[in-house]
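Open the model in your viewer and keep the sequence panel beside it.

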Amino acid sequence: MELLERYLQAVKFWLPNEQKQDIIAELSEDLRSQIEDRETELGRNLNEAEIEAILKERGRPLLVANRYQPQQYLIGPVLFPIYRFVLKIVALCYLLPWVIVWLCLLAFSPSYRVSHGNWAMSAMAGWSSLWVLAVSAFGIVTLVFTVLEHAQAKSRFLENWNPRRLPPLRDPNQIKRSASIGELAGNFALIWWISYLSSPLLVNRPEIRVTLSHSWTYLFRSLLLLAICNMALAGWNLMRPYWTGLRATLRLVTDGIGWALFCWFLKANMVAELVIPSIPPARVLLIRDGANLWMAKSLPLALVFGVIILGVDTYRIIRVTRKDRFFAPGVPVTVV
Amino acid sequence: MSPESFENLRLELRRGCLVVAVLAALREEQYGYTLRKALAEHGIDIDEGTLYPLLRRLESQGLLSSEWREQDKRNKRFYRLSHDGELILKQLVAEWRAMDEALNGILDGNLKQGEEKQDEKKQDAKEKSHGATRAVPASR
């Protein structure tokens, strides 16, 4: 029976203090009755293996004890979906950008690698920082939701809600008029602004003169044309505020061209001449080269953002052309 | 459907019934071990890990009363339905019977509908086969 006593002791350890004795007395009585019954059936005392089988059938001590405990949780079923949603947002909007920037630095910035010794050390340092960030973010969100769960259990604040305050029906293919108006205004401002920059002689003052390279003329014209196209598309969207396959494709094309032009701008050593009479020419040359170099170094970041923008545009085309797309009630299905 | 899914649904279905079974069985005073055996004899198998916490919960709700007593030279905890437990049991049994009747109605209705559909299908099949045998000479 030593095995039985050991089992009871193990169960007792996990039981709530105020009920320990009572539960153990009852459990002990039940097990002894079961053993006695079995012994009567067999006409002999049970050996250790048979007692072991009975205890094993009864279950692991921790599990047996747990059944006597009330259900406990840090974050309950009401808040858990919100908690999971917030964790996803944190991962997408905080950790993912961090990882992208870190990977860009690791791949394209020799100074970043040098500051950590070598490539492997930089990777290790970044990896450990990522873990610290991820665990801290997870911990903070969990802590906040644990506090909310306690508050919810006491005040039931989530039970007070008004159906009238539910968000309006969402149609991902609808284009907000405010977005189209914003786009029109933005492109208009761009045209107005770059019309002053048509000449490669960007600044021509006694104290400073900045001349851009000849490619600026082509870039300027292309940007102007692109802004006009974007304005036309925004105007079209304003009149018919639903994405169609054609317009979503046009958006992909204009964004793609804009992205390519921007990359070209960064890589084309655009600052051709810089004259600052108050500074020695050698230093001015250094400043000019530095400006061109930094623009060229920003290219990987521009590439990453470009990929994201084009990814979003492509997803929009897929969504619009999908057969099972969602239509809000009352919205016409065929929109050109 | 996996056997695991069926098992989960079966347990869910049984969960509410166990309370009624335990309350009904405790109209006569019993201790845990004999109660479990009595339920098993009636076809309701309930493991100790479920039964004892359930007894405690029902007692804390005032539906059962219990006392420790010596029997066969051993201390045993005897449970019995309390006055409140009797009232609740009556209500639960009424609820159970109403639900049983409603469920039977639904099941019988569906069975009848299913049988009617089967008959319709058979009839359709017969008509089609007749139509086909008639159509063969006509097509020639």
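**Chain A strands**

Select residues 201-204 and 209-212 of chain A: these are strands E1 and E2, paired antiparallel over three bridges. Strands pair here if DSSP finds at least two bridges between them. Strands (E, at least two residues) and helices (H or I, at least four) are DSSP runs, numbered from the N terminus. This is a predicted model: local features need pLDDT of at least 70, side-chain atom pairs count only at pLDDT 80 or more, and totals for chains, interfaces and linings use all residues. Residues are numbered from 1 along each chain as its sequence is written, while chains are lettered from A and ligands numbered from 1 in the order in which they are written.

Now pick A:Leu201; its bridge partner in E2(A) is A:Thr211. Four residues make the hairpin from E1(A) to E2(A).

Four bridges join E3(A) to E2(A), antiparallel. Click A:Leu212 to find A:Val271 of E3(A) opposite.

**Chain B sheet**

Switch to chain B. Three strands form an open antiparallel sheet, in the order E1-E3-E2. E1 (30-31) and E2 (64-71) of chain B each have a single partner strand, so one side of each lacks a neighbour in the sheet. Select 74-81 of chain B for E3, which pairs with E2(B) over eight antiparallel bridges. B:Glu70 faces B:Asn75 of E3(B) across the pairing.

**Where the chains meet**

Show both chains. Eleven residues from chain A and eleven from chain B make the contact (C-beta atoms, placed from the backbone, within 7 Å). On the chain A side, helix H2 (residues 20-42) gives the largest share, six residues.

Key: Contact = placed C-beta atoms within 7 Å.
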